[in-house]
Amino acid sequence: MTALTALTLTSCSTATTEQYEATALTSYTWQVKYANNLTSDPQPRIETFAKTSVLNQNGIKPPGKVIGPDDQGLWWPTLPPRPSIDEVEQRKKPQEEAGKPELLKDVKYQISYGVGNAKKTLPTNYDVYRQVVKAYPTQQALQLTLGVNDNSVEKAEPVGK
């Protein structure tokens with residue numbers, strides 16, 4: 001009985017749609033780690049400084065000043081200003097040491113698609129984003145494979161080609 005229940009919980013459903021859009025939110029964020037001892041503290045305090053983001057839609061170059069596309073076809077924002085030593089020291093608590101500013105690079109993928117008269121937006125991955133980018137200009141129908149509990153889109157495949 002347990003195996004059957006596990007199988008039911010992990011089975012995936014599919015949806016076929018001709019109305020879809022994929023986005024990739026690319027961002028750069030400066031962060032600094034703080035701790036009483038940066039080399040031995042397993043959980044340093046992290047402070048976030050400047051952040052910039054750009055929303056990529058269907059692989060089309062976003063408006064404004066952007067960098068790219070990169071090797072994955074993504075456009076990136078210009079770099080946010082690096083925190084100054086004064087800004088880093090202002091956030092330091094007594095007895096703490098401050099690490100060096102680190103620049104984080106992040107991408108969040110989503111797909112929006114039509115289901116009947118409703119529109120659903122779910123998180124996805126790079127492969128699904130790229131499949132939508134390729135299919136979008138002709139609005140070719142896509143079969144979407146949804147993840148556990150239909151809370152994400154794991155795969156997109158063209159229908160009829």
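The peptide bond leading from Gly68 into Pro69 is cis, and its omega is near 5°.

The structure is a predicted model, in which local features need pLDDT of at least 70, side-chain atom pairs count only at pLDDT 80 or more, and totals for chains, interfaces and linings use all residues. Residues are numbered from 1 along each chain as its sequence is written, and side-chain values use heavy atoms, with hydrogens and water left out.

## Overall architecture

Three helices and 10 strands make up the secondary structure elements of the chain. Read from the N terminus, their order is α-β-β-β-β-β-α-β-β-β-α-β-β.

The radius of gyration of the chain, taken over C-alpha atoms, is 21 Å, whereas a compact globule of 161 residues would have a value near 15 Å; the globule rule is 2.2 Å times the number of residues to the power 0.38. Along the principal axes, the C-alpha atoms fill a box of roughly 60 × 50 × 30 Å. Contact denotes heavy atoms within 4.5 Å. Among contacts in the chain with a separation of 6 or more, 64% are accounted for by residues 24 or more positions apart.

## Surface and charge

Of the 161 residues, 34% count as buried, the classes being buried (under 20% relative accessible area), exposed (over 50%) and partly exposed (in between), with a 1.4 Å probe and protein chains only. The accessible surface of the chain comes to about 10,200 Å², and carbon and sulfur atoms contribute 51% of it. These areas come from the Shrake-Rupley method with a 1.4 Å probe; for residues, only the protein chains shown count as cover.

The chain carries 18 positive and 17 negative charges, whose mean positions are 4 Å apart. Lys and Arg count as positive and Asp and Glu as negative, while His and the chain ends are not counted; each charge is placed at NZ of Lys, CZ of Arg, CG of Asp or CD of Glu.

Pro62 belongs to the loop between strand E3 (45-57) and strand E4 (66-67). Its relative accessible area is 7%, so Pro62 is buried. Beyond its neighbours within four places in sequence, Pro62 contacts Val54, Leu55, Asn56 and Trp75. Ala35 is 27 residues from Pro62 along the chain, and their C-alpha atoms are separated by 39 Å.

Leu103 is part of strand E7 (residues 102-115) and is partly exposed, with a relative accessible area of 34%. Apart from neighbours within four places in sequence, the contacts of Leu103 are Tyr28, Thr29, Trp30, Leu79 and Pro80.

Gln95, although not a glycine, has a positive phi of about 75°. This residue is in the loop between helix H2 (85-90) and strand E6 (97-98), and Gln95 counts as exposed at 70% relative accessibility. Gln139, likewise not a glycine, has a positive phi of about 55°. Gln139 lies in the loop from helix H3 (126-135) to E9 and is partly exposed at 32% relative accessibility.

Strands E9 (residues 142-146) and E10 (residues 153-158) run antiparallel and are joined by five bridges; two strands pair if DSSP finds at least two bridges between them. Leu142 has Pro158 in E10 as its bridge partner. Six residues lie between the strands of this hairpin, in which Asn149 takes a positive phi near 60°.

Conventions:
Helix = DSSP H or I, 4+ residues; strand = E, 2+ residues; numbered from the N terminus.
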